[in-house]
Structure formats: C-alpha cells, structure tokens
Amino acid sequence: MDDFLQSVALLRAKHHRPAGFNLFSVLRSSSDEVRLHSRFLAFLLDPKAAHNQGGALLKLLLDRLGIEQFDVESATVLTEHQNIDILVRNSSGQAVIIENKIYASDQDEQLWRYHQRMQADGCGQIWTSYLTLDGAEPSEQSRKSLPVILISYEAEIIAWLQDCIPVV
C-alpha cells in the first residue's frame with residue numbers, strides 16, 4: 001500500500017498543474033455594470049495579464065481602431081486611473097484613453113480633461129476613444145475640438161472578440 005501511495009504522489013507531482021485561469025476572479029461584482037465591463041476589457045488588453053497572450057489581444061484592438069505603431073511590448077493597462085475608465089500607456093510616451101459609456105452621460109469637458117491630463121503626464125501621442133453600446137458620439141462640450149475614435153460594443157468590440165478567438 002505504501003508503494004501505491006508513493007506512486008500516486010510521484011504521478012501527481014509530475015502531472016499536477018496549477019489552478020487554471022478563472023474569468024470570474026477578474027469580474028468581481030457582476031452587479032457593477034460599468035466597472036465590470038471596463039475591468040473585463042482592461043484584463044483582455046493587458047499584456048501582463050494571466051491570459052498569457054502578451055500584447056497580441058491589445059494589438060488586435062489597436063489594429064481594428066486604426067492605431068498604428070503603438071509599442072505594445074511596454075504597455076500597461078490601468079482602470080479608473082485619474083477617473084479614466086481604461087488607460088493604455090507605454091514607455092514610449094503613447095497613450096490610449098478609452099471612455100466607457102454604458103448608461104452614463106458625459107461630464108463637462110470630460111474627454112478634453114482626460115487628454116490634457118495625459119499630456120501633463122508626458123504623453124506625446126494620445127488617442128482618445130469613446131466606447132458605447134451603439135457607437136454614439138460624445139457631446140461637443142465633453143470633447144471640445146478633440147478628435148475622438150468611436151467604438152461600439154455592437155460592432156468593434158464584438159468583432160475584436162471574434163478576432164481574439166483564434167489567438168487564444
């Protein structure tokens with residue numbers, strides 16, 4: 001019997017895998033709608049996340065949005081950084097701001113202020129995007145004269161997730 005138990009222990013040690021990735025550990029509270037979506041998207045975009053895809057998923061979204069020559073290798077992804085829903089930035093002074101609007105309205109000069117903050121933080125190349133369910137535009141008072149990339153869950157996010165499936 002001792003030989004059997006020792007054999008089982010050896011087999012277990014040889015073939016044991018750490019616990020697999022659990023998607024729900026990222027999502028936390030399913031009732032927190034806006035932060036749930038932002039947190040989930042930020043996780044997928046983060047090159048250092050437990051999905052082990054490096055910058056591949058981030059690059060797919062940037063390509064879909066027409067953002068070229070963004071250094072994904074040094075990218076970090078933050079949620080709720082200085083109230084920015086999702087911020088992707090890198091050591092090359094580039095930043096992508098993703099304002100995620102599900103059921104909220106724009107704040108006064110919101111996108112403009114976020115862009116200004118990133119400039120003040122030393123980012124020289126900044127893309128500001130506005131993510132909504134259906135691709136709605138931000139208010140003029142929020143964006144001012146700022147060019148904004150429109151993203152919708154309905155089109156770009158679904159298509160991006162489909163792009164991610166073969167990679168993952």
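The exercises below walk through one protein chain, each with a worked solution.

The structure is a predicted model, in which local features need pLDDT of at least 70 and side-chain atom pairs count only at pLDDT 80 or more, while totals for chains, interfaces and linings use all residues. Residues are numbered from 1 along each chain as its sequence is written, and side-chain values use heavy atoms, with hydrogens and water left out.

**Exercise 1. The overall layout**

Find how many helices and strands the chain has, and in what order the elements run.

Solution. Begin with the rule for naming elements: helices (H or I, at least four residues) and strands (E, at least two) are DSSP runs, numbered from the N terminus. By this rule the chain has 7 helices and 5 strands, and from the N terminus on the order is α-α-α-α-β-β-β-α-β-α-β-α. Next comes burial, where buried means under 20% relative accessible area, exposed over 50%, and partly exposed in between (1.4 Å probe, protein chains only). Of the 168 residues in the chain, 40% are buried. Finally, taking contact to mean heavy atoms within 4.5 Å, 52% of the contacts between residues at least 6 apart in sequence join residues at least 24 apart.

**Exercise 2. Strand β3 and its partners**

Describe how strand β3 (residues 94-101) is placed, and work out which strands pair with it.

Solution. First look at burial: 8 of the 8 residues of β3 are buried, so the strand is largely enclosed by the rest of the structure. Second, consider the two directions in which its residues point. In a regular strand the side chains alternate between the two faces of the sheet. Here Q94, V96, I98 and N100 point one way, whereas A95, I97, E99 and K101 point the other way, and all are buried.

Third, turn to pairing, for which DSSP must find at least two bridges between two strands. Strands β2 and β3 pair in the antiparallel sense over 4 bridges, and they form a hairpin with 4 residues between them, in whose turn G93 has a positive phi of about 80°. Strand β4 (residues 125-132) runs parallel to β3 and is joined to it by 8 bridges, with V96 standing opposite W127 of β4. Last, β3, α5 and β4 make a right-handed β-α-β unit, a crossover being right-handed if, with the strands pointing away from the viewer, the path from the first strand over the helix to the second runs clockwise.

**Exercise 3. The surroundings of I86**

Determine whether I86 is buried or exposed, and which residues surround it.

Solution. I86 lies in strand β2 (residues 84-89), and because its relative accessibility is 0%, I86 counts as buried. The bridge partner of I86 in β3 is I98. Not counting residues up to four places away in sequence, I86 touches S38, L41, A42, L45, V77, L78, V96, I97 and I98. One of these, I97, is 11 residues from I86 in sequence and 6.2 Å from it in space, C-alpha to C-alpha.

**Exercise 4. Q110 and two charged residues**

Identify the side chains with which Q110 makes polar contacts, and ask how those side chains meet each other.

Solution. Start with the position of Q110, which lies in helix α5 (residues 110-120) and is buried, with a relative accessible area of 2%. A polar contact is a pair of N or O atoms within 3.5 Å; within protein, one must be able to donate a hydrogen and the other to accept it, and residues adjacent in sequence count only if both atoms are side-chain atoms. The side chain of Q110 makes such a contact with the side chain of E99 at 3.2 Å, and another with that of K101 at 3.0 Å. E99 and K101 meet in a salt bridge (3.4 Å, N to O), the term meaning a side-chain nitrogen of Lys or Arg within 4 Å of a carboxyl oxygen of Asp or Glu. Both ends are buried, E99 at 3% relative accessibility and K101 with a relative accessible area of 6%.
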